[in-house]
Amino acid sequence: MINIMSISATESLGITWQEELLLLLSRQATRIPAPILIGAGIIALMAADTVSPIYWVAWLALEIITVSLRRFYFPKLPTLNKMSINRRLTIMVLITAANSVTHGLSLFFFPFLSVTERTVHTLLLLIACVGSVVTTSGHRPMLIAYLVPILLPLSILWAITPQNDTVSWIGILMAIILILFGGVLFRHARDVFRLFSESFDIRSQQIELNKQLEVALDRAESASRAKTRFLASASHDLRQPIHAAALFSSALQRRPLDQESHEIAALMDQSLQALVLQLDTLLDISKLDAGVFKVNRTEVNICSLVNRIHQEVENLAAKKSLIFTASCDVNININTDTQLLERILRNLIDNAIKYTSQGTVMVSVESIGKQCCITVADSGRGIPDHAMDKIFEEFYQIDNPHRDRSQGLGLGLAIVKRMVDLLGYQLTFTSTLNQGTSFQLLINDVIPAPSLQEQTTKPENFDLHGLNILIVDDDQLVLAGMKALMTGMGCNVITADGTAAAVAAISDFTPDIVLADFRLKDSDDGINTIRSIEKLLPNVKSLLISGDTAPERLRQATREGIELLHKPILAEDLIAHINLLLGGSHGTDNREVRTLD
């Protein structure tokens with residue numbers, strides 16, 4: 001037996017169980033009037049033959065009034081918040097009792113009805129009693145208020161009312177059956193109320209769990225944001241000295257050195273370039289997460305692109321004695337971002353070569369209907385089953401528990417997956433352990449027009465002699481390194497450590513270009529510096545340089561429309577960007593321009 005008062009109020013749903021019951025009962029009230037009034041009409045018709053119209057009409061009118069009262073008042077009770085919940089439930093019990101008493105008043109017609117009519121009368125009242133178990137949700141006080149005024153007098157009437165002028169055993173048996181039936185209804189009502197209370201508790205627990213999950217998710221997101229800020233700050237602090245070292249290394253190589261010193265400087269520069277490459281890989285992830293990678297689609301001949309990559313990477317495969325082939329069955333153009341697609345293919349090919357000890361690496365292009373499929377396949381170690389779902393995760397590497405840096409950072413495929421999604425392509429793979437792996441890139445943007453041979457150009461040679469440069473950075477080592485590099489190339493250089501110093505410096509110096517660090521002292525920043533100088537020199541060119549890789553920094557620079565380069569930046573890349581920004585009016589060496597947006 002459930003004690004309904006043991007169900008405690010809960011704040012999970014924002015309401016108590018009593019309020020939930022009140023809402024449920026108010027909804028049930030709208031479904032009751034029609035069947036009840038139909039039953040009442042049948043009883044009135046049976047009584048009309050033997051009972052004075054004054055009585056059955058008066059009873060039918062009272063029935064309509066009480067049913068209407070329930071129909072219109074019950075739905076209003078949940079909104080009467082100024083009234084206590086217990087008082088509102090009490091009102092529901094009283095209205096239910098009034099309905100039941102009104103139904104029970106029809107039993108005054110019972111002695112005047114025939115046996116058949118008494119049976120029909122009894123069935124109609126029993127149907128109403130059975131329905132009350134559902135419409136009251138098994139709430140005991142309300143159920144008692146409904147069943148007792150009907151079943152008790154009905155049982156007594158069957159026991160004492162003569163059948164054919166004598167009290168028969170059938171009437172007594174009917175009375176016993178009705179009493180037993182009432183007990184069954186009470187037990188069933190107990191089960192109905194238990195289901196109601198359990199449902200309420202389950203939903204309360206679910207909502208509470210959802211709230212806890214939201215709190216946990218908020219904490220996780222907060223921790224993730226804190227981690228991102230920490231990594232961005234740590235990245236900035238790490239990039240500053242590396243950037244300065246790269247600048248000093250480049251400046252040193254441009255000075256006359258003996259052979260041994262030149263070799264040492266070259267090795268140092270190679271080490272720094274490898275470090276820069278790893279930091280740029282981390283930056284790619286930040287850019288993709290920040291959503292600042294711009295897709296610039298142009299028409300490109302896919303076979304020309306694949307053949308060029310093959311020629312450039314062929315030596316890398318040859319060093320491992322691998323057979324590296326590229327085949328293109330069709331000569332088609334695609335509308336794509338050449339830089340992103342090239343990065344995807346290079347990463348897939350680099351991985352294939354890296355994880356293949358002997359055998360072949362193959363790149364093939366074929367047309368499938370209106371789509372183009374590029375396959376990168378190898379005969380390498382393959383991917384074990386347990387790693388199939390993990391290879392696109394950041395920093396995940398197969399068989400590299402000691403984090404051998406020669407095997408990279410484990411970000412190649414993570415970047416590939418993000419770039420494939422950005423372009424809207426489909427990437428699938430199949431792999432067999434110790435037999436090899438095959439990646440298939442499915443491209444939709446096929447152009448059926450005659451192929452256009454992709455033209456690759458290299459910037460012309462040039463120098464920066466005579467260029468006026470303003471360098472703004474609050475790190476003295478970076479300032480010294482930038483100044484050493486630029487003055488070594490014949491530039492006129494002045495430096496400043498913030499916006500105020502930069503504005504003061506241009507009073508007697510007109511820069512052709514401003515190179516400003518993003519994050520300066522206190523609340524100062526490079527965007528403020530550039531905008532302040534542009535007010536005085538509207539035509540000045542500017543580059544923003546930063547070691548901060550936080551996604552919000554990337555988005556901020558993108559919104560401002562200022563080109564952002566990330567530290568550490570190689571000297572050749574810096575020179576190339578300066579030349580592009582100045583419209584190619586100054587030269588560079590024979591290196592290809594490397595775009596870092």
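How many bridges join β3 to strand β8? In this predicted model, the count is 2, and the two strands run antiparallel. Strand β8 covers residues 446-447, and one of the facing pairs here is Asn333 with Ile447. Strand β3 (residues 333-336) also has a link to strand β1 (residues 298-301), this time through 4 bridges and again in the antiparallel sense. Within that pairing, Glu299 has Asn335 as its bridge partner. As background, strands of a sheet pair through backbone hydrogen bonds, and they can do so in a parallel or an antiparallel way.

Stepping back to the whole chain, there are 16 helices and 13 strands to keep track of. The chain has 597 residues, and 45% of them are buried. Looking at contacts with a separation of 6 or more, 72% are between residues 24 or more positions apart.

Another sheet is built from 5 strands. It is an open sheet with mixed pairing, and reading across it gives the order β2-β4-β5-β7-β6. The edges are β2 (323-328) and β6 (426-432), each of which pairs on one side only. On average, and ignoring direction, neighbouring strands here are turned by 15 degrees against each other. Inside the sheet, β4 (residues 360-368) and β5 (residues 371-378) are antiparallel partners joined over 8 bridges, and Val363 sits opposite Val376 of β5. Helix α9 (residues 302-319) packs on this sheet and touches β2, β4 and β5; the helix direction makes about 175 degrees with that of β2.

Arg308 pairs with Glu342, and their closest N and O atoms are 3.0 Å apart. This pair ties together distant parts of the chain, since Arg308 belongs to helix α9 and Glu342 to helix α10 (residues 338-354), 34 residues apart. Both Arg308 and Glu342 are buried.

The structure holds 9 salt bridges in total, and some of them share partners: Arg190, Asp191, Arg194 and Glu198 are joined this way into one network. One link in it is between the side chains of Asp191 and Arg190, with an N to O distance of 3.9 Å. Asp191 has a relative accessible area of 27%, so it counts as partly exposed, and Arg190, at 29%, is partly exposed too. Another link is between Glu198 and Arg194, at 3.8 Å from N to O. These two residues lie in helix α7 (residues 169-253), 4 residues apart, which is about one turn of the helix. Glu198 is partly exposed because its relative accessibility is 38%, and Arg194 is partly exposed with 31%.

Ile144, Val148, Leu152, Ile156, Ile160 and Phe186 make up a nonpolar patch with about 510 Å² of accessible area together. Helix α6 (residues 140-160) is the biggest contributor, giving 5 residues. Ile144 is found in helix α6, and its relative accessibility of 38% makes it partly exposed.

Asn434 is not a glycine, yet its phi is positive, at about 65 degrees. Asn434 lies in the loop between β6 and β7 (436-443), and its relative accessibility is 61%, so it counts as exposed. Asp522 is not a glycine either, and its phi is positive at about 55 degrees. Asp522 belongs to the loop between β11 (513-517) and α14 (526-536), and it is exposed, with a relative accessible area of 80%.

Finally, two residues show how separated stretches of the chain come together. Leu124, in helix α5 (residues 115-135), touches Gly39, Ile42 and Ile43, leaving aside residues up to four places away in sequence. Leu124 and Ala40 are 84 residues apart along the chain, but their C-alpha atoms are separated by 8.5 Å. Glu563 is in the loop between α15 (551-560) and β13 (564-566), and it is partly exposed, at 27% relative accessible area. With residues up to four places away in sequence left out, Glu563 touches Leu543, Leu544, His577 and Leu581. The C-alpha atoms of Glu563 and Ser542, 21 residues apart along the chain, are separated by 7.9 Å.

Key:
Residues numbered from 1 in each chain as written. Predicted model: local features only at pLDDT ≥ 70, side-chain atom pairs only at ≥ 80, totals over all residues. Heavy atoms only, no water. Patch = residues over 30% accessible without salt bridge, like charges linked within 9 Å, V, L, I, M, F, W, Y side chains within 5 Å. Areas by Shrake-Rupley, 256 points an atom, 1.4 Å probe, with all protein chains shown as cover. Salt bridge = Lys/Arg side-chain N within 4 Å of Asp/Glu carboxyl O. Buried < 20%, exposed > 50% of the residue type's maximum accessible area, 1.4 Å probe, protein only. Pairing = 2+ DSSP bridges. Axes fitted to C-alpha atoms, helices over the stretch in contact; angles between N-to-C directions. Contact = heavy atoms within 4.5 Å.
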